[in-house]
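The sequence and structure come before the text.

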Amino acid sequence: MVTFIGKGGLALACALLLSACVTPPLDPEAPALVEKSQVAQDLERLPSPKGRIMASVYSFRDLTGQYRPAPASSFSTAVTQGAAAFLIDALNRSGWFLTLEREGLQDLLTERKIARAVVEKKQKQGVAVADVPDLFSSDILFQGGIVAYETNIKTGGLGARYLGVGASEQYRADQVTVNLRAVDVRTGRIINTVSTQKTIYSKELQVGVYKYIDFKELLESEAGVTTNEPVQQCVKLAVEAAVAHLIVKGVLDGNWQLKNPDDMRSDIIEQYALSFSQE
């Protein structure tokens, strides 16, 4: 059985077909944990240290000074301002460091004053209550930040059209660079420093129909979809990679030691050590 579609129906069918290709799902997605990256899994696979190191992070700032291009926003920064949270998560995930709270130190000190006041009041009442213990001091201070965010380091595209029907694809590559350094708290000496970078890709796909159906009747329909790799995810990956490289570099330089010296020949250590041999 053959069904004939009129000119108006043909135009409507083409428009619906194109819109169906790019319409996002209407069902909202449920909140979920952030999926672990390959670098995060590498951090968890690192061999155990001889002893966990007390470490602190005061800040890990955006040092690029760049804002999103207009008309998107003149006041929103181009990269995330929460890189310190990514760094603390990566340090804890590695199992090499005991990270101390320093970014919210003033809030912590305020709570400790309240706790001391409660303890002193109870002790005056004759209640046996232990004093508030002292804060731990750190051995290593992690510093650094997001030092560069370059846009349009690579652009390109490809397109074709035949008999009024065509498609085109364009892409753009940006790049974010992170610097991380470990500082000895006792001497102020910079123990190690590493820089990592991650490329951010954006892609746009467009499909269009431009065709005369009949005299004075023109069919024109376009559809497109754009995919942007989240900048904050790229910053997270760069920070995780910086922590992994810094740990391995510290092992190679003898700044900290493995629990089992034979782990120096493990796959994960050799994988990251190869990066330094290629510099």
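## Aromatic cluster

F97, F142 and W256 are joined into a cluster by ring pairs. Rings of Phe, Tyr and Trp (for Trp, the six-membered ring) pair if their centres lie within 6.5 Å; planes under 30 degrees apart count as stacked, over 60 as edge-to-face and the rest as tilted. The model is predicted: local features need pLDDT of at least 70, side-chain atom pairs count only at pLDDT 80 or more, and totals for chains, interfaces and linings use all residues. Residues are numbered from 1 along each chain as its sequence is written, and side-chain values use heavy atoms, with hydrogens and water left out.

Two aromatic pairs turn up in a search of the whole structure. In one, the ring centres of F97 and F142 are 5.1 Å apart with planes at 90°, so this pair is edge-to-face. F97 belongs to strand 3 (residues 97-100) and F142 to strand 4 (residues 140-162), 45 residues apart. Helices (H or I, at least four residues) and strands (E, at least two) are DSSP runs, numbered from the N terminus. F97 has 1% relative accessibility and therefore counts as buried; F142, at 0%, is buried as well. Buried means under 20% relative accessible area, exposed over 50%, and partly exposed in between (1.4 Å probe, protein chains only).

The rings of F97 and W256 have centres 6.1 Å apart and planes at 90°, so they too form an edge-to-face pair. W256 lies in the loop between helix 5 and helix 6 (267-277) and F97 in strand 3, so the pair ties together parts 159 residues apart in sequence. Both F97 and W256 are buried.

## Crossing of helix 3 and helix 5

Helix 3 (residues 83-94) and helix 5 (residues 231-253) have axes that come within 9 Å and cross at roughly 40°. Axes are lines fitted to C-alpha atoms, for helices over the stretch in contact, and angles run from 0 to 180 degrees between N-to-C directions. The two helices are therefore oblique to each other (under 35 degrees is roughly parallel, over 145 roughly antiparallel, 65 to 115 roughly perpendicular, the rest oblique).

On the helix 3 side, the contact (heavy atoms within 4.5 Å) is made by A83, F86, L87, A90, L91 and S94, and on the helix 5 side by Q232, V235, K236, V239, E240, V243 and I247.

## K236

K236 lies in helix 5 and is buried, with a relative accessible area of 9%. Apart from neighbours within four places in sequence, K236 is in contact with V34 and F86.
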